[in-house]
Amino acid sequence: GYLPIDSLDRKKKIKELETDSQKNNCTQLFIETPYRNNQLIKDILQTGKDETKLCIAVDITAPSESIRTKSVKQWKQGVIDIHKRLAIFLLQA
């Protein structure tokens with residue numbers, strides 16, 4: 001589902017999801033309103049542990065489809081802009 005709108009609450013929830021993922025050896029899936037995608041990514045990169053895996057799947061089944069999985073540390077090395085594009089996020093600690 002959706003994470004909280006407020007940045008502080010969202011960062012807290014990201015930490016909770018990351019902890020739960022590590023504790024239960026599972027992947028957390030969530031979505032965001034397309035116009036808030038870039039802010040969500042920014043919060044994940046600020047909050048997540050470097051070794052946590054983040055998959056960002058954009059425009060699934062469309063010609064512009066992109067599905068990439070990298071560690072948080074690797075995502076920090078390049079800027080991704082998916083503003084106003086349909087996306088799903090998968091987080092695995």
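Is T61 buried or exposed? T61 counts as exposed, at 73% relative accessibility. Here buried means under 20% relative accessible area, exposed means over 50%, and partly exposed lies in between (1.4 Å probe, protein chains only).

## Basis of the model

This is a predicted model, in which local features need pLDDT of at least 70, side-chain atom pairs count only at pLDDT 80 or more, and totals for chains, interfaces and linings use all residues. Residues are numbered from 1 along each chain as its sequence is written, and side-chain values use heavy atoms, with hydrogens and water left out.

## The sheet

Four strands form an open sheet. Their order is β1-β4-β2-β3, and the pairing is antiparallel. β1 and β3 (66-71) are the edge strands, each pairing on one side only. The twist averages 15° from one strand to the next. Strands (E, at least two residues) and helices (H or I, at least four) are DSSP runs, numbered from the N terminus. Two strands pair if DSSP finds at least two bridges between them.

β1 and β4 are joined by four bridges in the antiparallel sense. Across this pairing, I31 stands opposite I88 of β4. L29 stands opposite L90 of β4. β2 and β4 also pair in the antiparallel sense, over six bridges. V58 has A87 of β4 as its bridge partner.

Side chains alternate along β4. A87, F89 and L91 point to one face and are buried.

Contact means heavy atoms within 4.5 Å. Axes are lines fitted to C-alpha atoms, for helices over the stretch in contact, and angles run from 0 to 180 degrees between N-to-C directions.

In α2, the buried residues are N37, L40, I41, D43, I44, L45 and T47. Their cover includes α1, β1, β2, α3 and β4. E18 touches T47, G48, K49, T52, L91 and A93, leaving aside residues up to four places away in sequence.

## The nonpolar core

The largest nonpolar core has 18 residues. Such a core is a set of buried Ala, Val, Leu, Ile, Met, Phe, Trp, Tyr and Cys residues joined through side-chain atoms within 4.5 Å. F30, L40, I41, I44, I56, I82 and F89 touch the most other members. α1, α2, β2, α3 (72-75) and β4 each supply at least two residues. α2 gives the most, with four.

I82 touches P34, N37, N38, I41, I56, V58, A87 and F89. That list does not count residues up to four places away in sequence.

## Rings and a charge

A search of the whole structure finds one aromatic pair. The ring centres of F30 and F89 are 5.9 Å apart and the planes lie at 15°, so the pair is stacked. Rings of Phe, Tyr and Trp (its six-membered ring) pair if their centres lie within 6.5 Å; planes under 30 degrees apart count as stacked, over 60 as edge-to-face and the rest as tilted. F30 is in strand β1 (residues 28-31) and F89 in strand β4 (residues 87-92), so the pair ties together parts that are 59 residues apart in sequence. F30 is buried at 2% relative accessibility. F89 is buried at 0%.

K70 lies over the face of W75, at 4.7 Å from the ring centre. A charge sits over a ring if NZ of Lys or CZ of Arg is within 6 Å of the ring centre and within 35 degrees of the ring normal.

T61 lies in the loop between β2 and β3. Its phi is near 75°, a positive value in a residue other than glycine. N25 lies in the loop between α1 and β1. The phi of N25 is also positive, near 50°, and N25 is not a glycine. N25 counts as exposed at 64% relative accessibility.

D6 lies in the segment before α1. D6 is partly exposed, with a relative accessible area of 40%. The C-alpha atoms of D6 and T61 are separated by 31 Å, and the two residues are 55 residues apart along the chain.
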